[in-house]
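My notes follow in the order I took them.

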Amino acid sequence: MTTYDAIVIGAGPAGMSAARTAGEAGLRVALVDAAPRLGGQYHRQPPGTFHAARPQALHHGWRHFAALRDRLARLAGVTHLPDHHVWSVERADDLVTVRAVTEPRRPVGVTIRGRALLVATGGYDRQLPFPGWDLPGVLTAGAAQALLKGNLVLAGHRVVVAGSGPFLLPVAAGLGRAGATVAGVYEAARTSRFLRHASTLARNAGKVAEAARYHTTLLRHGTPVHNGWAVVAAHGDTRLDAVTVARLDRAGSPVPGTRRRVACDTLAIGYGFAPQIELLAQLGCATRVDADGSVVVDVDAGQRTDVPSVYAAGEVTGIGGAALSEVEGTIAGLAIRAAAGRPGAIPGRLLSRRTALRRFAAAMHDVYRIPAGWADWLTPATIVCRCEEVPAVHVRAAVERDGAVQLRTAKLLTRAGMGWCQGRVCGHAVAALVTRFGGRPATPADLAAWAGRPIAQPVPLRLLADAAPDPSASQP
C-alpha cells in the first residue's frame, strides 16, 4: 500500500490549493473528495455527460479555478481520488489512516495512509425551522445553487430566496439568469449594520464590487431585495405554493401588521453555513466558537491543529469564503512542505492576506447575524427535526417537564438529531431551543455536541466489520 507524504480531504479551493502547493515541492499527495470532479461546492460542475456552454456564466472566478485545476493535472505526484466518501480517520504510529467508501451503488472500502493530513471539508447550509419548512419545494439556498451548477436544473419556476448572508445574492442572480422568476430576496439583516465596518469594506473594494454586480443582475430581472425581512411560514397542501414574510424588529421578532403572503413554488433559504468538522472531531482536535456561533477547529499560524501532523484549512477553521479558503490552503501546503524537509517558508504577504480576509469575514458575521428572535416564529406543532419528525413542543416538554437540561438528554428523550442527517440540519436549532427553554445561554459544549460522530458518512455494515480488529489476533 502506498504511503503518501500528505492526504488532503476535500477538493474545493482550500484542498486544491494545498495539494498544488505540496505537490509542486515533489511530495506525494492524495487528494480525496466525495465529488466526481474537482472544485468542491463552490465550483460544482455537471457530470461528464452534460456540458455547460459557458461555465463562467454559472461560476464566479471560473478562469482562476480552471488554471488551478490544470496545474494540478500536470503534477505527477498528486493523485486525485474522486467519489471517495471518507467516514473515518485515525492517527497512530506517526501515520494517518483514512477510510473511505467509493462506488456508491456497490460500495467498496478504501484505506489510505499518509504522514500528514489536511482536512478541508468545507461546510453546509445552516437552517432555522419555521412552520411549513418541511414542505416539498422548500430547500436550502445551497441546494438550489447545486442543482443549477451540478445538473443545469432550475429548482423551480417562481422562487423566493431568503435567510441571511451574502450567499443569497449569487443564488438569486444565478436563478434569474437561468430563467427562473425570483419573486424576491428577503434578507433578515439590516444594511445599516454595514456602517460599523466602513473601513473594512473600503479595504475590500473587490468584494463590494462583486456584490454590486449581483444587485445589478437582480435589478435587470426586476427582482426586489428586502432587507430586514424574513420568511416566517411556508404554505401548501401537498407542496409549497406560498410563503409568509414579515419585517423583523431589532430583536429579530416579526413586527405586528407587516406580514404578507408571497406566491411561489420554491423557497431557497439559508442562514449562512456550518463547518463540517466531523473528521477533525474524530481526531480530538481542539475547537472554538467563532464569531457567527459556529464551532470551528482551532489552528496556528501554519494551519496546524493541536494534533501532530494534522492540518485544517478553509471553512472548517471559520466560514470565510473561497478566497480565504484558498489562501489558508496555500499556507497549509507550505507548512506541510516544511515539515517534510522541503522549502516551505510562508511569505509575510500571504499571512497579511489571510488576516485581511479573516477581518472581512468577521465583519460579515457581525452584519449577517442569525435573528435573535427566530424561535418566536415557531408554533408548538412546528417540526424541528425533520428526519425524526420531532415538533417544538416535544423539545419544550423534554426540558420543562422531564428536566432535560443537557442537550444529550433532550436528544435521547425526543430523538431530535438521531435521524439520517445526524443533526447536521437541526442541530443548531435544537441546541438553541434546549438552552432557551432551560433558561441558560448555549455553551461551546452545546454547540459542539453534534460534531462528534464516530462514523462521518453512511457506510455498509460489512465494511465496518472489515475495518474492525480481529479479536482472535490478540489471543495466544
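For the first entry I need a cut-off: a polar contact is a pair of N or O atoms within 3.5 Å, and within protein one must be able to donate a hydrogen and the other to accept it. I also remind myself that this is a predicted model.

**Entry: E278**

I looked up where E278 sits and found it in helix α7, residues 278-282. Is E278 buried or exposed? Its relative accessible area is 4%, and buried means under 20%, so E278 counts as buried. Next I asked what the side chain of E278 makes a polar contact with. The partner is the side chain of R453, at 2.5 Å. Then I listed the contacts of E278, leaving aside neighbours within four places in sequence: Y124, R424, A451, R453 and A456.

**Entry: α10 and α12**

I moved on to the pair formed by helix α10 (residues 392-400) and helix α12 (residues 427-437). I get an angle of about 45 degrees between them, with the axes 9 Å apart. The crossing of α10 past α12 is right-handed. Which residues meet here? From α10 I noted A392, V395, R396, V399 and E400, and from α12 L433, V434 and F437. Sorted by type, the residues of this contact come out as six nonpolar, no polar and two charged.

**Entry: α3 and what follows**

How many of the 11 residues of α3 are buried? I count eight, so I call this helix mostly covered. The buried ones are A141, G142, A144, Q145, A146, L148, K149 and G150. I checked what they pack against and got β9 (123-125), β10 (138-140), α4 (168-177) and β17 (266-271).

L152 comes after α3 and has a positive phi, near 55 degrees, though L152 is a residue other than glycine. I place L152 in the loop between α3 (141-151) and β11 (158-164). At 35% relative accessibility, I log L152 as partly exposed.

**Entry: D94**

I found a positive phi at D94 too, about 65 degrees, and D94 is not a glycine either. Where is D94? I find D94 in the loop between β5 (85-92) and β6 (95-102). With a relative accessible area of 57%, D94 goes into my notes as exposed.

Key
Residues numbered from 1 in each chain as written. Predicted model: local features only at pLDDT ≥ 70, side-chain atom pairs only at ≥ 80, totals over all residues. Heavy atoms only, no water. Axes fitted to C-alpha atoms, helices over the stretch in contact; angles between N-to-C directions. Helix = DSSP H or I, 4+ residues; strand = E, 2+ residues; numbered from the N terminus. Left-handed = near helix turned anticlockwise from the far one by under 90°. Contact = heavy atoms within 4.5 Å. Nonpolar A, V, L, I, M, F, W, Y, C, P; charged D, E, K, R; others polar. Buried < 20%, exposed > 50% of the residue type's maximum accessible area, 1.4 Å probe, protein only.
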